[in-house]
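Open the model in your viewer and keep the sequence panel beside it. We will go stop by stop, selecting a few residues each time.

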Amino acid sequence: MSDTETNETIGLRLRRQLPATPEQVFDAYTDPEKQKIWFSILDEDPGIVEIEVDLRVGGTQTAVWGPNRETLFREVQTYLEIDRPHRLVTESTGSEPDGTSMTTHVVVTFEANDGGTLVTVEQTGFPTPELRDFFQAQVWNGAFDRIEAYLTRS
């Protein structure tokens with residue numbers, strides 16, 4: 001079995017109910033000006049947040065963030081499928097300040113549910129179960145907390 005086949009089996013699936021319509025949640029998730037707000041909404045000192053989005057199949061979202069110019073994280077997502085406001089599929093390549101990087105496949109769905117939106121994330125391609133667990137516990141829950149704070153304040 002190759003590393004690619006092995007990596008693709010290491011994935012996560014999680015869900016979060018958010019207090020807005022699918023259109024509002026989709027737009028908060030994809031609009032660069034809204035992302036710049038929720039990306040740092042819970043931070044006392046937001047540091048650097050730069051986001052550019054070309055929301056079309058084949059287009060990219062580039063996000064650069066960190067506490068200072070010397071310590072920046074970078075993520076480039078290439079849009080593979082866009083079905084506003086229901087589904088978004090991307091290939092995501094993230095880079096850490098030390099230069100290490102990882103590419104994963106991400107499917108996000110937005111489903112009207114009980115007066116809000118049930119968001120489901122499926123992400124595959126993690127190199128290790130430990131990294132997957134970190135993304136599940138910290139990265140995605142943190143993103144959902146920030147988006148929810150943005151939606152409830154706007």
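## Stop 1: the largest pocket

The largest pocket has a volume of about 1,000 Å³. Keep in mind that this is a predicted model. Select Phe39, Trp65, Glu75, Phe135 and Val139: of the 40 residues that line the largest pocket, these are the closest to its centre. Next, colour the elements that give two or more residues to the lining: helix 3, strand 2, strand 3, strand 4 (71-83), strand 5, strand 6 and helix 4. Which element gives the largest share of the lining? Helix 4 does, with nine residues.

## Stop 2

You are looking at an open sheet of seven strands with antiparallel pairing, in the order 1-7-6-5-4-3-2. Select strand 1 (11-18) and strand 2 (48-53), the edge strands. Each of them pairs on one side only. Neighbouring strands of this sheet are turned by 20° against each other on average, direction ignored.

Zoom in on strand 5 (residues 87-95) and strand 6 (residues 101-113). They run antiparallel, and nine bridges join them. Pick Gly94, then look across to strand 6: Met102 stands opposite. In general, strands of a sheet pair through backbone hydrogen bonds, either parallel or antiparallel.

## Stop 3: two helices on the sheet

Select helix 3 (residues 32-40). It lies across strand 2 and strand 3 (60-68) and runs at about 155° to strand 2. Then select helix 4. This helix lies across strand 1, strand 6 and strand 7 (116-124), and runs at about 20° to strand 1.

## Stop 4: the aromatic rings

Show the aromatic side chains. How many aromatic pairs does the structure hold? There are eight. Start with Phe134 and Phe135. Their ring centres are 6.1 Å apart and their planes stand at 80°, which is over the 60-degree cut-off, so the pair is edge-to-face. Is Phe135 buried or exposed? Phe135 counts as buried, because its relative accessibility is 18%. Phe134 has 43% relative accessibility, so it counts as partly exposed.

Move on to Trp140 and Phe144. Their ring centres are 6.0 Å apart with the planes at 40°, so this pair is tilted. Both residues lie in helix 4 (residues 129-153), four residues apart, about one turn of the helix. Both Trp140 and Phe144 are buried.

Note on methods. Residues numbered from 1 in each chain as written. Predicted model: local features only at pLDDT ≥ 70, side-chain atom pairs only at ≥ 80, totals over all residues. Heavy atoms only, no water. Phe/Tyr/Trp six-rings, centres within 6.5 Å; stacked < 30°, edge-to-face > 60°. Buried < 20%, exposed > 50% of the residue type's maximum accessible area, 1.4 Å probe, protein only. Pairing = 2+ DSSP bridges. Axes fitted to C-alpha atoms, helices over the stretch in contact; angles between N-to-C directions. Contact = heavy atoms within 4.5 Å. 1 Å grid on protein atoms, 1.4 Å probe; cavity = no way out; pocket = protein on both sides within 12 Å on 5 of 7 lines; lining within 4 Å. Points joined across faces, edges and corners; volume = space filled by probe spheres on them.
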